[in-house]
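Reader: Hey, can you walk me through the salt bridges in this one? I'm new to it.
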Amino acid sequence: MNRYVCVHGHFYQPPRENPWLEEVELQDSAYPYHDWNERITIECYAPNSASRILDRENKIIDIVNNYAMISYNYGPTLLSWMQRNRPDIYKKIIEADATSRKNFNGHGSAIAQVYNHMIMPLANQRDKRTQVIWGIADFVSRFKRHPEGMWLAETAVDLETLDIMAEHGILFTILSPYQAHKVRKIAEKEWKDVSGGRIDPKMPYRCVLPSGRTMTIFFYDGPVSQDVAFSSLLDNGENFVNRLIGTFSAEQNDPQLVHIATDGETYGHHQHFGEMALSYGFHRIITNKRATITVYGEYLANFPPIYDVQIIENSSWSCFHGVERWRSDCGCNIGTNRSWNQSWRAALRQAMDWLRDRVGVVYEEQMSRYVNDPWRVRNAYIDVILNRTPETIAGFFTDYAAMEFSPADKTKMLKLLEMQRHAMLMYTSCGWFFDDISNIETVQVIQYAARVIQLAKETSGADLEADYLRILEKATSNIAEHRNGAHLFQIMVKPSILDLTRVGAHYAVASLFNDFAENQKMYCYTVDRVLHEKREAGKQQLVIGNVKIRSDITGEEGVKSYAILHLGDHIVFGGVADALGDDVFAAMQLSIQEAFRRSNVSEIISLLDRYFGGHNFSLWHLFRDEQRRVLKHILGTTLKEIETSFRQINEHHYPIMLAMKEIGIPMPDVFVGTFEFIFNTDIQRELENDDTDAQRLLDIVKEVKFWSLGIDKTTLGFIVSKKIGALMEALRNDPENVELMKQLETLFKTLQPLALQLRVWELQNIYFGLSRTLYPSMKERAHNNDKAAKKWIERFDALENYLSVKNK
């Protein structure tokens, strides 16, 4: 068979980590999930690792790992997050590549990506080289092999980038058909113009580079890719298959490759259940032998290029104007508001380029004092990024040191390297992609720039902030209150900037509400408690202490003294400073504790000013997740008071509301709101109980339906999914537990009238596994009149109605 199909998924999220904490903080826009990485993992990355194939009755007949059959790349920064936060899904992604090598004659499904999705044609040569080197090193560390292909951010391409990739052993990349200019048969002289997307995408092409090296390019099928990404093609698996197969040329006997490329998030996040259309499509193609599934590496090995190609340099797949979307107001946007413009992009690019060039000089001058080749050392720094253990860091200094270094020297070198890492992160493409400079993705890259500025000052004394902001001020927001980039820097970025004192302030304030260990890991810092005393008087609390704080990234460390006063609710005053001398600390401790004993708040504040130079640290200096948790705790009392009042209103006026309903008079909005608050609270509380009262839950659901009340489907759907997920996980661990199946069935049945959107794919996977492992033996036992087995089969079959898994 000379018909081959390949589907490529570009799986990527911009790095979202707080530059000072190295973790993703709470993102309200991703609710009910913690952040967008978590949300998209649940909607896309995880389901693709265990995708369901349905029959004509919409029952599951198989579950497959899509990654083992498609071509895919994962952004290195996304995989780094996933390795820390969802190691189970991370493991399946890595394992899929190993499986694919068995499927495709030694060629893996995975390909590499330039490190942090930088628009390569707009980068300088040094950054291009580091992006390729880091992307390859990250891939090798995870997949344990050298990548054959590499994905370019937004498929943005120029010849210099391709040459660097080829120099480092990359064999192929994937581009849009609109990025091809001319083709000719190898060894022939006459070129044919194929611009405007007219290239035949069903074969690979050779691109001869200025150095004489070559790069194979696969130009994906544009129309089919467009329909997969932006139309309803994935709504029906059969339509998806027919569209792919219908692309083959009936008249052509030579090998043909029909291949598409889209954002990987298309399969599940952008297009709900898109991962199922994908797995179903492959299932139908393989079962009916309509084509051979392949990946690019395998196809290239079997069918090398017979045509040369000239590319259109400085072009991409997501901007009609080349790469202007990342440096000018070209007209490409996502359509948030037709009256908006993106003129801010030019100023943002100018500011970042200026900063990159200035810190490049700082880096070279400062690092040259320690090493012979600063840029070679930067390229090698990926080894530390991938494994920040003391042993790796020590080995790094041994490998690249020209001399023995003091701890202070090592910290300075690590800060210089971190400055360079963030100077690349600030070029992440999403910073320019969307419609306004106030978008979270753009604020994120400005945060990286702020970290660069901070590190430049700490390592060289150079203060670059004012000049950077003068350029950024030209980046005008479309939203009047945000004004411009410089204003956004002041209100959205500067409050996030941390140093060891701010970390100490977080620890001190948070210690009012937490019992920390003597050695406490706090994001990318380690905090050792030297002394900590806590006193309470009614609602008031006082903490005083010393802590030693160390950055796990740069090795910077210091001791901080603190005294924090909590007057109840959200009212907190505190002072934090570099370590006070023993005598001064003892005097401070004694005088503040004595004032606290006498409840003399004004004196405490005066003492804070005297010893710490102010009393400015409060709840607002907590890191975002802890701040939200503490405020939720504080609001708990207030919400209980409101709940009590609402319940009294409900109980007092319930009879008259009932009478009004019986004679058809609409219930006043104030009572509707009261009822909805109470019943939403009751459902949520009952579901969060370890021992849910099924009858109580049923009664609440009946009340909700009787009064036609609105419910918070987003929150309740999330809670219910977690609840049944925990029960199903318990069933996996204790598969013969009939009582667990009864609880699951009762929960499904009770909540069915609420029509909640539940996340059931993980539950289906567990159920499917049991249907293939335990069910046959239970069926046999039941056939032999085993009463326990009969009861098990009855309960298990009942769950089929809710989970849609074929177990017979």
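Predicted model: local features only at pLDDT ≥ 70, side-chain atom pairs only at ≥ 80, totals over all residues.

Reader: Show me one. What does arginine 101 pair with?
Author: The side chain of arginine 101 meets that of aspartate 97, with 2.6 Å from N to O. Both residues sit in helix 3 (residues 87–103), four residues apart, which is about one turn of the helix.

Reader: And is aspartate 97 buried or exposed?
Author: Aspartate 97 is buried, because its relative accessible area is 0%. Arginine 101 counts as partly exposed, at 27%.

Reader: New topic: which residue does aspartate 308 bridge to?
Author: To arginine 184, and the closest N and O atoms are 3.9 Å apart. Aspartate 308 is in strand 14 (residues 307–311) and arginine 184 is in strand 8 (residues 180–185), so this pair ties together parts 124 residues apart in sequence.

Reader: Is aspartate 308 buried or exposed?
Author: Aspartate 308 counts as buried at 4% relative accessibility, while arginine 184 is partly exposed at 23%.

Reader: What about arginine 598, who's its partner?
Author: Glutamate 603, with the closest N and O atoms 3.0 Å apart. Arginine 598 is partly exposed at 39% relative accessibility, and glutamate 603 is partly exposed at 26%.

Reader: Last one: which residues are linked in a network?
Author: Glu643, Arg647, Asp682, Arg685 and Arg696 are linked by salt bridges in a network.

Conventions
Residues numbered from 1 in each chain as written. Heavy atoms only, no water. Salt bridge = Lys/Arg side-chain N within 4 Å of Asp/Glu carboxyl O. Helix = DSSP H or I, 4+ residues; strand = E, 2+ residues; numbered from the N terminus. Buried < 20%, exposed > 50% of the residue type's maximum accessible area, 1.4 Å probe, protein only.
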